[in-house]
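Subject: Structure for you to look at

Hello,

Here is the structure you asked about. Please open it beside this email, and then read the notes below.

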Amino acid sequence: MVTHSNLSVLLCGPVGPKLHELLDDRIIVPPESLQEVDEYHLILEYQAGESWGEIKAPQANRFIFSHDVSNNEMNMMEAFVGSLEEFNPELIVLSGLHMMEGQEKEMREKRLQEIGLLISEISNEVPIHLELASMTDPAYMTDILHQQILPIVNSVGLNEQELLFISQSGLGPYSSQASWDGIPDVGKVSDIIFWILQNYGRIEPESDSDLTRIHFHTLAYHILATVDGYWANQMSAVAAGARAAGIQACGGPTIDHRKFILKAPREFSPSWTDDSLKRVKIVLTPTDPVHMWQRENISFYFTPVLICKHPIRTVGLGDAISAEGLLYSELQ
């Protein structure tokens, strides 16, 4: 919000007195979201090479512990949807579905159905973005995929763990692969994104699904994929998200090239399942770092990421990446 002075945000979540003090004046909290006691998340961030007993961290990361009863039940959704008419948003961002994973299966399924109905009440003139986070229960992800949530949002943001887990839950491409080995292969990532949009997206105008955009982010590179005819300015959007990742990780207002490294592949094939694309080699150059390719009626936009050598923050990078990409996105 520092760099976007004309932006205001409606925040519907559990807001206790301490959190309320810390929020910017342009963040509007409806009365229904105010609580007498703050929920809390304890976040332990650590640098690459730091040790805990005999274990040494191979890369910078974080451990998050939370006591968040409200978000565990997603019980602010009714207040959120009820506040939209007065606020009149241009964009809606939803997150927190992963918090319900620890609930009993019956309660979780019931609440997902209720959330789906609430989202369906929102005007289809307002784009809805869903930011995913790591989950481990394939049945829960299958519910999100098949029946309740994914087909009724317009855009999704996710990382390599969530992308592969979706494929594993839906028996998609490379679903037998247990995990990524180092930097995810661009062709495999592209194939899974294509499969998601083919199976759960609005590929045809008469489709019941609203999903037309996926913003994928991993440490070394980002990919933005959109169904043609719905989104514009996506090359700028994917580049803006990558820039936001570097700036936030290093904690500075600008990019100092001495603080960053590149780990993106210098050349890659954009697919391993498409006969024509798997013969293509895309080569990155300093003067042409952002690339685009087409697969049927889906456009893919790729950018390398400037990786902070000594990150100050690792929490919230995915949220910052998706938010910046959405700010630069245009609806057609």
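The largest cavity holds about 50 Å³ of space. This is a predicted model, in which local features need pLDDT of at least 70 and side-chain atom pairs count only at pLDDT 80 or more, while totals for chains, interfaces and linings use all residues. Residues are numbered from 1 along each chain as its sequence is written, and side-chain values use heavy atoms, with hydrogens and water left out.

The cavity

A cavity is a set of points, on a 1 Å grid over the protein atoms alone, where a 1.4 Å probe fits but cannot get out; lining residues have an atom within 4 Å of a point. Grid points are joined across faces, edges and corners, and the volume is the space filled by probe spheres set on the points. By this rule there is one cavity of 30 Å³ or more.

Which residues line the largest cavity? They are Met74, Met77, Leu94, Ser95, Gly96, Leu97, Ile115, Ile119, Leu130 and Ile149. Strand β7 (92–95) and helix α4 (105–120) each supply at least two residues of this lining. Helices (H or I, at least four residues) and strands (E, at least two) are DSSP runs, numbered from the N terminus. By class, the lining has eight nonpolar, two polar and no charged residues. Here Ala, Val, Leu, Ile, Met, Phe, Trp, Tyr, Cys and Pro count as nonpolar, Asp, Glu, Lys and Arg as charged, and the others, Gly among them, as polar.

Arginine 111

Helix α4 also contains arginine 111. Arginine 111 counts as buried because its relative accessibility is 8%. Buried means under 20% relative accessible area, exposed over 50%, and partly exposed in between (1.4 Å probe, protein chains only). The side chain of arginine 111 reaches the backbone oxygen of methionine 74 at 2.6 Å, and a polar contact of 2.9 Å joins it to the side chain of glutamate 114. A polar contact is a pair of N or O atoms within 3.5 Å; within protein, one must be able to donate a hydrogen and the other to accept it, and residues adjacent in sequence count only if both atoms are side-chain atoms. Not counting residues up to four places away in sequence, arginine 111 touches Glu73, Met74, Asn75, Met77, Glu78 and Met100. Contact means heavy atoms within 4.5 Å.

The nonpolar cores

A nonpolar core is a set of buried Ala, Val, Leu, Ile, Met, Phe, Trp, Tyr and Cys residues joined through side-chain atoms within 4.5 Å. In the largest core, which has 63 residues, Leu97, Ile193, Ile196 and Ile223 touch the most other members. Helix α7 (residues 186–200) gives the most to this core, with nine residues. A second, separate core has five residues, including Ala237, Val238, Val290 and Tyr301. In soluble globular proteins, nonpolar side chains tend to be buried together.

Leaving aside neighbours within four places in sequence, isoleucine 223 has contacts that include Val186, Val189, Ile193, Trp293 and Phe302.

Helix α6

Helix α6 (residues 160–170) is mostly covered, with eight of its 11 residues buried. Among them are Leu163, Leu164, Phe165 and Ile166. At the start of α6, a side-chain oxygen of asparagine 159 reaches to within 3.0 Å of the backbone nitrogen of glutamine 161. Just after α6, leucine 171 takes a positive phi of about 55°.

The loops

Serine 207 is in the loop between α7 and β10 (213–217). Why does serine 207 count as partly exposed? The reason is its relative accessibility of 22%. Its side chain reaches the backbone nitrogen of serine 209 at 3.1 Å. Serine 207 and proline 151 are 56 residues apart in sequence and 9.8 Å apart in space, C-alpha to C-alpha.

Asparagine 88 lies in the loop between α3 (77–87) and β7. Asparagine 88 is not a glycine, although it has a positive phi of about 55°. Asparagine 88 counts as exposed because its relative accessibility is 60%.

Glutamate 296, in the loop between β16 (291–295) and β17 (298–304), has a positive phi near 55°. With a relative accessible area of 59%, glutamate 296 is exposed.

Regards

Key:
1 Å grid on protein atoms, 1.4 Å probe; cavity = no way out; pocket = protein on both sides within 12 Å on 5 of 7 lines; lining within 4 Å.
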